[in-house]
Amino acid sequence: MQQLLSVKGNTLYLEGVSLASIAQTFDTPVFVFSAGYLRHRIAEFTTAFSSHWPTFQLMPSFKACPMIAIRQILTELGCGCDVFGHGELEGAVRGGVPPELISVNGSIKDQALLLRALRLGARIVIDSPREIHLTNRLAGELGITARVMLRLKPDMSALDDRSDFAPDYAIADLTDRIKYGIPSTELADIVNQWSSLKHIDCIGFHAHMGRHSKRLHVWREWVRATLSVVGSIEHILSPNESPVINIGGGFASQCDSDLDVAFRDDPTPELAEWAVVITEALHEGFADMKHAADQWTLEVEPGRALHSDAGLHLTSVCNLKQESGAASRQWAEVDTSEVFLDLSGVSGDSPMSYRAVSKASDEQLQVYDVVGMTCNAEMLLLDATMPALEEGDVIALLPTGAYIEPMAANFNALPRPGSVLVDGETAQLIKRHETIDDVFSRDIALAENPT
Ligand SMILES: Cc1ncc(COP(=O)(O)O)c(C=O)c1O
């Protein structure tokens with residue numbers, strides 16, 4: 001979103017809206033999202049992949065930014081939706097996603113979730129033999145045919161690259177170990193029993209590697225290994241629909257400051273580079289198959305690569321402290337917390353950038369430890385260089401658009417921050433701030449005080 005930030009006078013603007021006015025109108029701490037950046041990024045994804053593949057469908061992952069208003073923007077732009085579990089399925093429905101473009105992913109899908117998905121007409125991404133048999137039975141009872149995809153578990157043993165998530169592990173070991181995808185022996189059983197699954201249409205195959213690597217040869221191998229499984233089971237595809245190949249998400253965001261990824265030093269490819277490698281590998285893989293390459297719809301499910309750089313967080317300085325002895329130090333105590341920002345520990349090793357919102361062009365800089373408000377050490381930024389701060393000044397922390405707002409917690413009984421959407425010249429609340437009553441709303445007090 002850097003390109004949508006600008007300084008006017010001494011104030012930082014996101015699109016056409018002053019961030020100081022957002023802090024004043026909506027209070028802090030608050031998450032802020034840019035509709036303009038989302039539109040720009042969706043256009044980038046679409047152009048990158050559609051230039052190399054005739055039928056392309058973007059299926060953003062709901063979990064990265066699970067808000068109805070954000071989802072409405074994606075829906076308006078023609079995106080489908082990858083969801084995990086009941087809550088996300090309802091979120092997609094409320095965000096207006098056409099049911100046929102909802103992909104119900106994840107492990108351990110219970111009967112109620114499968115029934116809801118079937119009644120809606122959403123597609124189910126099968127992760128185990130139990131799921132396919134349960135889906136078949138439920139669809140039969142409803143008198144319908146279920147549209148399913150099979151989630152594969154490609155064999156990455158041809159690679160010895162380490163995972164960026166956990167560099168102690170090879171990608172091959174982690175993709176093998178991680179619970180997702182139908183194990184190869186169970187996949188063989190399902191395929192052998194296919195003719196008995198009378199209420200199922202297989203519309204395609206799914207394989208999500210995750211953000212294991214930015215190296216393009218890893219992605220090439222991921223697609224190659226996926227299609228090597230597809231080639232052996234394509235005969236189960238339904239003749240009623242054109243097939244879908246979904247290679248999941250796992251693309252890095254432009255800033256790539258995603259905290260759950262330990263190693264981020266490799267260069268981040270442009271989406272166009274990713275698209276070339278992926279579509280080349282698809283063309284090679286489909287070359288010998290019954291279903292030719294141009295029959296397949298290609299889907300990708302970005303989470304962080306779409307949302308991460310679309311958001312920032314505003315916090316106000318509540319108090320300043322200073323040590324001017326031998327070891328001089330200044331602390332800026334702010335009204336947010338590591339528990340809202342998915343940070344923790346005492347290293348202060350935050351990959352976030354920061355800007356002083358109302359002193360954006362000041363040149364007299366000072367050094368601060370910016371610390372949050374719970375009883376933890378709360379080292380949000382150590383030795384941050386900023387204009388001389390005063391109580392009430394607002395600081396922007398960025399990027400916070402993916403997997404941060406939904407991970408916010410209530411430690412110290414703190415109400416979680418609300419969210420604001422900026423779109424051009426306007427800003428509106430899209431999720432209200434939590435209240436202390438909300439924090440205790442699930443508690444059930446004892447009828448009588450214990451003696
Ligand atoms: C099935 C599936 N698709 C897509 C994603 C999005 O991944 P990312 O945010 O790394 O793009 C996830 C994330 O866990 C996922 O589980």
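In which strand does Asn-105 lie? Asn-105 belongs to strand β7, which spans residues 102-105; helices (H or I, at least four residues) and strands (E, at least two) are DSSP runs, numbered from the N terminus. The structure is a predicted model, in which local features need pLDDT of at least 70 and side-chain atom pairs count only at pLDDT 80 or more, whereas totals for chains, interfaces and linings use all residues. Residue numbers start from 1 along each chain as its sequence is written.

Asn-105 is classed as buried because 28 other C-beta atoms lie within 10 Å. By this criterion, a residue is buried if 20 or more other C-beta atoms lie within 10 Å of its own, exposed if 12 or fewer, and partly exposed in between, with C-beta atoms placed from the backbone. Residues up to four places away in sequence being left out, Asn-105 touches Asp-82, Val-83, Phe-84 and Val-125; contact requires that the two C-beta atoms, placed from the backbone, lie within 7 Å. Leu-89 is 16 residues from Asn-105 along the chain, and the C-alpha atoms of the two are separated by 9.6 Å.

Helix α2 (residues 35-50) packs with helix α10 (residues 271-286) at an angle of about 35°, and the axes are 8 Å apart. The axes are lines fitted to C-alpha atoms, for helices over the stretch in contact, and angles run from 0 to 180 degrees between N-to-C directions. The crossing of α2 past α10 is right-handed, that is, the near helix is turned clockwise from the far one by less than a right angle. On the α2 side, the contact is formed by Glu-44, Phe-45, Ala-48 and Phe-49, and on the α10 side by Leu-271, Ala-272 and Ala-275. By class, six residues of this contact are nonpolar, none is polar and one is charged. In this classification, Ala, Val, Leu, Ile, Met, Phe, Trp, Tyr, Cys and Pro count as nonpolar, Asp, Glu, Lys and Arg as charged, and the others, Gly among them, as polar.

Arg-41 is also located in helix α2. This residue counts as buried because it has 25 C-beta neighbours inside 10 Å. Arg-41 touches Leu-306 and Ala-310, again not counting residues up to four places away in sequence. Asp-443 is 402 residues from Arg-41 in sequence, and the C-alpha to C-alpha separation of the pair is 41 Å.

Helix α9 (residues 216-233) comprises 18 residues and reaches 26 Å from its first C-alpha to its last, close to the 26 Å expected at 1.5 Å a residue. The expected span is 1.5 Å times one less than the number of residues. Val-218, Trp-219, Glu-221, Trp-222, Val-223, Ala-225, Thr-226, Leu-227, Val-229 and Val-230 are the buried residues of α9. These buried residues pack against α7 (171-177), β10 (200-206), β11 (244-246) and α10. Ser-228, which is found in helix α9, is partly exposed because 14 other C-beta atoms lie within 10 Å. In helix α6 (residues 129-142), Gly-140 likewise counts as partly exposed, with 15 C-beta neighbours inside 10 Å. The contacts of Gly-140 beyond four places in sequence are Lys-198 and His-199. Gly-140 and Ile-200, 60 residues apart in sequence, are 8.9 Å apart in space, C-alpha to C-alpha.

The shell around the ligand contains 16 residues, of which Ser-61, His-208, Gly-249, Glu-301 and Gly-303 come nearest. A residue is near a molecule or strand if its C-beta atom, placed from the backbone, lies within 6 Å of it. The residues of this shell divide into four nonpolar, eight polar and four charged.

Backbone geometry was also examined. A cis peptide bond with omega of about 0° joins Thr-28 and Pro-29, and Pro-29 is placed in the loop between α1 (19-26) and β4 (30-34). The peptide bond from Leu-398 to Pro-399 is cis, with omega near 0°; Pro-399 is in the loop between β18 (394-398) and β19 (418-423). Asp-256 has phi near 45°, a positive value in a residue other than glycine. Asp-256 lies in the loop between β11 and α10 and is buried, with 22 other C-beta atoms within 10 Å. For Asp-383, phi is near 55°, a positive value in a residue other than glycine. Asp-383 lies in strand β17 (residues 379-387) and counts as exposed, with 10 C-beta neighbours inside 10 Å.
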